[in-house]
Amino acid sequence: TSSSAAPTTTTMTDDEAAIAAAKRYFSEFTNALATRDTVALRRTFLGCRVCIEDADRIDQAKLSGWTFEKAIFDLQDVRVTSRADATHILVRGSLSSPPLVVRDAQGKVVHSSAGAVGAKDMIIVKSSTAWLVQAIS
C-alpha cells in the first residue's frame, strides 16, 4: 500500500502568487539599492526591459563606488486588474518611492529626487518555476 503525506503549507492561488511576485520585486529592488547586490533582484523578473536596466544601473553604481540613500520602495494595495491568459496576470499597486539621494565615491550628491507616490502596473508571468515580473509601467 502507498500513502501520501498531507501538505504542510497552503497553496497560493495564481492571483495571490502574482501579487506576491510584484511585492517581492520591489522588496528585492530596495534591498539591491541598499546593498548594491543585484543577484536576488535578477531572480524576480523574466525578460523585463525596465527591470534589467535598473539592475544594470545598480551594478554600474557599485563599480563606480556610488551609493543610494533612503531608497525604500513600498508597493501597497496590489490587486489583479486582468488575466491575459493562464500564464500572464496584470496587477496594479500604489508605489511609494522615497526622496532618493545618490552619492558618488567621494560622497558628492550626483542625483536626487523628491520622491513620489503613484500607480504602478505590472505584467506577471508564470515561468516553469515561479511567477516573475515581465514588464513594469
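**Salt bridges and their surroundings**

Tutor: With a relative accessible area of 51%, R57 is exposed; buried means under 20%, exposed over 50% and partly exposed in between (1.4 Å probe, protein chains only). This is a predicted model, in which local features need pLDDT of at least 70 and side-chain atom pairs count only at pLDDT 80 or more, while totals for chains, interfaces and linings use all residues. Residues are numbered from 1 along each chain as its sequence is written, and side-chain values use heavy atoms, with hydrogens and water left out.

Student: With which residue does R57 form a salt bridge?

Tutor: A salt bridge is a side-chain nitrogen of Lys or Arg within 4 Å of a carboxyl oxygen of Asp or Glu. Here the partner of R57 is D54, and the closest N and O atoms lie 2.7 Å apart.

Student: Is D54 buried or exposed?

Tutor: D54 counts as buried, at 19% relative accessibility, whereas R57 is exposed.

Student: How many residues apart are R57 and D54 in helix α3?

Tutor: Helices (H or I, at least four residues) and strands (E, at least two) are DSSP runs, numbered from the N terminus. In helix α3 (residues 49-64), R57 and D54 are three residues apart, a separation of about one helical turn.

Student: How many salt bridges does a search of the whole structure find?

Tutor: The search finds seven salt bridges. Among them is the pair R83 and D15, whose side chains meet at 2.3 Å, N to O. Because R83 lies in strand β2 (residues 74-85) and D15 in helix α1 (residues 14-35), this pair ties together parts that are 68 residues apart in sequence.

Student: What is the accessibility of R83, and what is that of D15?

Tutor: R83 counts as exposed, with 52% relative accessibility. D15 is partly exposed, with a relative accessible area of 22%.

Student: Which strands hold D121 and R92?

Tutor: The side chains of D121 and R92 meet in a salt bridge of 2.6 Å, N to O. D121 is in strand β6 (residues 116-126) and R92 in strand β3 (residues 88-97), so the pair ties together parts 29 residues apart in sequence. D121 counts as partly exposed at 24% relative accessibility, and R92 likewise counts as partly exposed, at 31%.

Student: Which residues are linked in a network of salt bridges?

Tutor: That network links R42, D56 and D59.
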